[in-house]
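Here is a friendly briefing to read alongside the sequence and the model. Have both open as you go through the points.

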Amino acid sequence: MEAIEPVEPQSLKKLSFKSLKRALDLFSPVHQQLPPPDAESKKIRVNYKVHVEYGGIKSTAQPSQQTNSATQNHSQQAGSSNVLALPGPGDSKDLQKGGAHNALVVGPSMPSTATNGLGFQGKNTVVVSTSGSSERNFSTSALMERMPSKWPRPVWHAPWKNYRVISGHLGWVRSVAVDPSNTWFATGSADRTIKIWDLASGVLKLTLTGHIEQVRGLAISHKHTYMFSAGDDKQVKCWDLEQNKVIRSYHGHLSGVYCLAIHPTIDILLTGGRDSVCRVWDIRSKMQIHALSGHENTVCSVFTRPTDPQVVTGSHDSTIKMWDLRYGKTMSTLTNHKKSVRAMAQHPKEQAFASASADNIKKFTLPKGEFCHNMLSQQKTIINAMAVNEEGVMVTGGDNGSMWFWDWKSGHNFQQSQTIVQPGSLDSEAGIYALTYDVTGTRLISCEADKTIKMWKEDDNATPETHPLNFRPPKDIRRF
């Protein structure tokens, strides 16, 4: 029997090079032949480098300053030298005055004894100043045209500061709504009560009891003296604020109700809950008009608008659905998010809205729901609440107590603040569950896990000089 020849052990690098060569041999149409050089493109590149990188060619021949020495006469007869302006720490105006500071001199042939005026000798003298420019590495990036960023520059906004802390609830504060008259606001809590506070002074005016679980959603009608509340007890209640009592209840949800919205033009109410359905109610008759079913998990955010799509819902199944209210059918489904869409905010003026989940905050157009862009930073927490005012200041509140302020137009995060828990609370109770602006958009109300309500306003003393805009446009724009 013949002895089996031992297989030569080969490194992974060698094997990968072999497979690369084999792939090249398979798919390359012309073996071992480089493409012919393109003279036109080379010419364009050289010209571009001269004009863009070196700032053009400048002549240093100044006849008025020439002396009668034989070497300088010889250089004049041979022709004037050319100077290529190199970028450096010196002022570029020196070159225009005829100075040789920080310059690359390319001259005609000279005798070896001749000096070029800078103390160097030799033929075809090349002189480079050592004031920093010789250390630069001119790579191919010098040939690339620097395009100005088309990303919109953010508008400067003053930073926001906390000016009032209101305590009074005995549980997590889960929901908030401001009255259209801008004189009072209501908060719903895990202590099963709804409290009404004076907006200007922060004084408690009224406490409403009736829910038997935490109150997750609140909305105040701008047409009637009604306030609507929804909670984990599957109940949706209508409160008459003239009598301060419940006058209607809407029965139909099979589990806890997480969000609530009132239609701006017609008398209907929308509620979304853990039964994965957004229900549409007739306010007067208490009848359920539609059950907008299609989500595969909890419907945790909803907003309405006067024109189609009149209902937009966000869910724990990481989708956003736009609904045709007339037929109760889905118009479109947005699948851009990868995590639960726990918060959405409609811009008060623009036809656009933003949605927040743990992966990203995204901006969409209305009515089609086209994706615009992501916000330029990631909060890296579960975002429970968000709000936008007319000036384009968007605020998002996280489960870890972080409150980030954004410029709506550009998506720039201009302020990151951390809420401070009230004395006696655990640090883990720094969480924000609800956010809303008042009617004017100058006051912000946050509802938190340390059982407090905090009120925020812009810092009047801040200027663009004291708080400069630290903005860098994104290099790569993610389109998903």
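The residues lining the largest cavity are S221, H222, K223, H224, I262, H263, P264, I266, D267 and I283. A cavity here is a set of points, on a 1 Å grid over the protein atoms alone, where a 1.4 Å probe fits but cannot get out, and lining residues have an atom within 4 Å of a point. Please keep in mind that this is a predicted model, in which local features need pLDDT of at least 70, side-chain atom pairs count only at pLDDT 80 or more, and totals for chains, interfaces and linings use all residues. Residues are numbered from 1 along each chain as its sequence is written, and side-chain values use heavy atoms, with hydrogens and water left out.

**The two cavities**

- The structure has two cavities of 30 Å³ or more, where a volume is the space filled by probe spheres set on the grid points, which are joined across faces, edges and corners.
- For the largest cavity, the volume is about 40 Å³.
- Its lining comprises four nonpolar, four polar and two charged residues; Ala, Val, Leu, Ile, Met, Phe, Trp, Tyr, Cys and Pro count as nonpolar, Asp, Glu, Lys and Arg as charged, and the others, Gly among them, as polar.
- The second largest cavity comes to about 30 Å³.
- Around the second largest cavity sit S357, A358, D359, N360, I361, S377, Q378, Q379, K380 and I383.
- Three nonpolar, five polar and two charged residues make up the lining of the second largest cavity.

**The chain as a whole**

- The chain has four helices and 32 strands, taken as DSSP runs numbered from the N terminus (helices: H or I, at least four residues; strands: E, at least two).
- Of the 480 residues in the chain, 46% are buried; buried means under 20% relative accessible area, exposed over 50%, and partly exposed in between, with a 1.4 Å probe and protein chains only.
- About 26,500 Å² of the chain is accessible surface, and 52% of that belongs to carbon and sulfur atoms; these areas come from the Shrake-Rupley method with a 1.4 Å probe, and for residues only the protein chains shown count as cover.
- Looking at contacts between residues at least 6 apart in sequence, 48% join residues at least 24 apart, with contact meaning heavy atoms within 4.5 Å.

- T304 belongs to strand β18, which covers residues 299-304.
- T304 counts as buried because its relative accessibility is 10%.
- The T304 side chain comes to 3.2 Å from the backbone oxygen of I262, a polar contact (a pair of N or O atoms within 3.5 Å; within protein, one must be able to donate a hydrogen and the other to accept it, and residues adjacent in sequence count only if both atoms are side-chain atoms).
- Beyond neighbours within four places in sequence, T304 is in contact with A261, I262, H263, P264, L270, Q310 and Q346.

- F364 sits in strand β24 and counts as buried because its relative accessibility is 0%.
- Setting aside residues up to four places away in sequence, F364 touches I320, L334, N336, H337, A352, F353, S355, G369, E370, F371 and C372.
- F364 and F353 are 11 residues apart along the chain, with their C-alpha atoms separated by 5.5 Å.
- A291 is part of strand β17 (residues 288-293), and it is partly exposed because its relative accessible area is 35%.

**Backbone details in loops**

- D308 and P309 are joined by a cis peptide bond with omega of about -5°, and P309 lies in the loop between β18 and β19 (311-315).
- Another cis peptide bond links L366 and P367, with omega of about 10°; P367 is in the loop between β24 (361-365) and β25 (371-374).
- N182, a residue other than glycine, has a positive phi near 65° and is placed in the loop between β6 (173-178) and β7 (184-189).
- K234 is not a glycine either, yet its phi is positive at about 70°.
- The loop between β11 (226-231) and β12 (236-240) holds K234, which counts as partly exposed because its relative accessibility is 42%.

Terms used. On a 1 Å grid over the protein atoms alone, a cavity is a set of points where a 1.4 Å probe fits but cannot get out, and a pocket is an open set with protein on both sides within 12 Å along at least five of seven lines; lining residues have an atom within 4 Å of a point.
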